[in-house]
Amino acid sequence: MSKEIRLATVNEHNKATDLWVVINNKVYDVTKFRLEHPGGEDSLVDVAGRDATKDFIDVGHSSEAREMLKKYYIGELAAADIKQKSPISATPTDAAEAPPKQCCILN
C-alpha cells in the first residue's frame, strides 16, 4: 500500500531545496531533479508544493518524462484532498457550467 500524503504536507515543500509536486494525484519529490529539468529549475519551483497536473499536461511531456516520474514517486495524494469531477448539475451555479441554450424555434 502506498503512503498517503495530505495536500497540506505537500504545500510545505515549496522551495527549490525541498520541492514536492502532485501530478495525477501522485506525490513526487523532485528536489534532486530540479537542476536536470530540461525546462529549467524555475519551471519546477513555480509549481512547488502544489498540484502541477495541469502544468505537466499543458507542456506535453513525453512518455519518457512520464516514465522518469516513477523515480521520484513518494506516495499518493490523500483521498480527502482529491478533487472530484462532478457531473453537470441540473441547476448550474456558474454560467460557464450551464448547458448550451437551444434556439427558441426548437422549443
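**Pocket linings, strand pairs and aromatic pairs**

User: How do the residues of the lining of the second largest pocket divide into nonpolar, polar and charged?

Analyst: The lining of the second largest pocket divides into three nonpolar, three polar and five charged residues. Ala, Val, Leu, Ile, Met, Phe, Trp, Tyr, Cys and Pro count as nonpolar, Asp, Glu, Lys and Arg as charged, and the others, Gly among them, as polar. The model is predicted: local features need pLDDT of at least 70 and side-chain atom pairs pLDDT 80 or more, while totals for chains, interfaces and linings use all residues. Residues are numbered from 1 along each chain as its sequence is written, and side-chain values use heavy atoms, without hydrogens and water.

User: How does the lining of the largest pocket divide, and which residues are the closest to the centre of the second largest pocket?

Analyst: In the largest pocket, 14 lining residues are nonpolar, four are polar and one is charged. In the second largest pocket, eleven residues form the lining, and Asn25, Asp51, Thr53, Lys54 and Lys83 are the closest to the centre. A pocket is an open set of points on a 1 Å grid where a 1.4 Å probe fits, with protein on both sides within 12 Å along at least five of seven lines; lining residues have an atom within 4 Å of a point.

User: What makes strands E1 and E6 a pair?

Analyst: Two bridges join E1 (residues 4-5) to E6 (residues 73-77), and pairing requires at least two DSSP bridges. These strands (DSSP runs of E, at least two residues, numbered from the N terminus) run parallel, with glutamate 4 opposite glutamate 76. E4 (residues 26-29) runs antiparallel to E6, with three bridges, and valine 27 stands opposite glycine 75.

User: Why is the pair of tyrosine 28 and tyrosine 73 called edge-to-face?

Analyst: There are two aromatic pairs. For tyrosine 28 and tyrosine 73 the centres lie 6.0 Å apart and the planes at 70 degrees, so the pair is edge-to-face (centres within 6.5 Å; planes under 30 degrees stacked, over 60 edge-to-face, the rest tilted). The partners, in strands E4 and E6, are 45 residues apart.

User: Is tyrosine 28 buried or exposed, and what of tyrosine 73?

Analyst: Tyrosine 28, at 7% relative accessible area, is buried (under 20%; exposed is over 50%, partly exposed in between; 1.4 Å probe, protein chains only). Tyrosine 73, at 30%, is therefore partly exposed.

User: What kind of pair do phenylalanine 33 and tyrosine 72 form?

Analyst: The pair is tilted, with 5.5 Å between centres and 45 degrees between planes. Phenylalanine 33 lies in the loop between E4 and H2, and tyrosine 72 in the loop between H4 and E6, 39 residues apart. Both phenylalanine 33 and tyrosine 72 are buried.

Technical notes:
Helices (H or I, at least four residues) and strands (E, at least two) are DSSP runs, numbered from the N terminus.
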